[in-house]
Amino acid sequence: MTDQPRRRLVLASQSPARLGLLRQAGFDPEVIVSGVDEDAVTAPTPADLALALAEAKASVVAARPEVKGALVIGCDSVLDLDGEALGKPADAEEATARWKAMRGRAGTLQTGHCVYVAGTGRYSSGTASTVVRFGEPTDEEIAAYVASGEPLHVAGAFTLDGLSAPFIEGIEGDHGNVIGISLPLVRKLMAHLGVGITDLWAPGRA
């Protein structure tokens, strides 16, 4: 018997947090950024928007001839606060206002996931939801956090594994989903496509 070549895994996202989580879980994905115009995608609810964006990103990358046969993972996150979809803040002023609105409250981090078998049109998708309970940082703490620049680069203007971690009181649900990717959901989506997630572990991890 000969070993079968390991299937390529492609992450259609430039998020270092998503890439880091996949690597920690034993995978070695390639990164190909989709270039999707996120502002052009609309949906009736924050959860639907996250899913639509994930499907758009995965489908664009999966359509590239050079990735035919690969598994392509697309993800996108938005914070659902009072039914409004909050992505990355446009500037420091918006990030400051966002945090003043969020503190002492709870929102739901919605992350859409889509796994495509490139070149076949076959895909599976779903959304993972995690409730995030925000603490009550002072105006001075918010100003210092915004000045760090971190909230301008992440959905919801916060991170669970970064500088704003002290301002998060707790979560209900998958912590990986808040960081950027729900590995349990990815496993289920791959199973729907007939792919065993352990078959994708990088050499030396299996």
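Predicted model: local features only at pLDDT ≥ 70, side-chain atom pairs only at ≥ 80, totals over all residues.

Tutor: Residues are numbered from 1 along each chain as its sequence is written, and side-chain values use heavy atoms, with hydrogens and water left out.

Student: Is Lys57 buried or exposed?
Tutor: Lys57 sits in helix H2, residues 46-62 (helices are DSSP runs of H or I, at least four residues, and strands are runs of E, at least two, numbered from the N terminus). Buried means under 20% relative accessible area, exposed over 50%, and partly exposed in between, using a 1.4 Å probe and protein chains only. Lys57 has 9% relative accessibility, so it counts as buried.

Student: Which side chain makes a polar contact with the side chain of Thr159?
Tutor: Thr159 is in the loop between helix H4 (139-148) and strand S7 (168-172). A polar contact is a pair of N or O atoms within 3.5 Å; within protein, one must be able to donate a hydrogen and the other to accept it, and residues adjacent in sequence count only if both atoms are side-chain atoms. At 2.9 Å, the partner of Thr159 is Glu150.

Student: Why does Pro44 count as exposed?
Tutor: Look in the loop between strand S2 (30-31) and H2, where you'll find Pro44. Pro44 is exposed because its relative accessible area is 73%.

Student: What distance separates the C-alpha atoms of Pro44 and Gly83?
Tutor: Along the chain, Pro44 and Gly83 are 39 residues apart.
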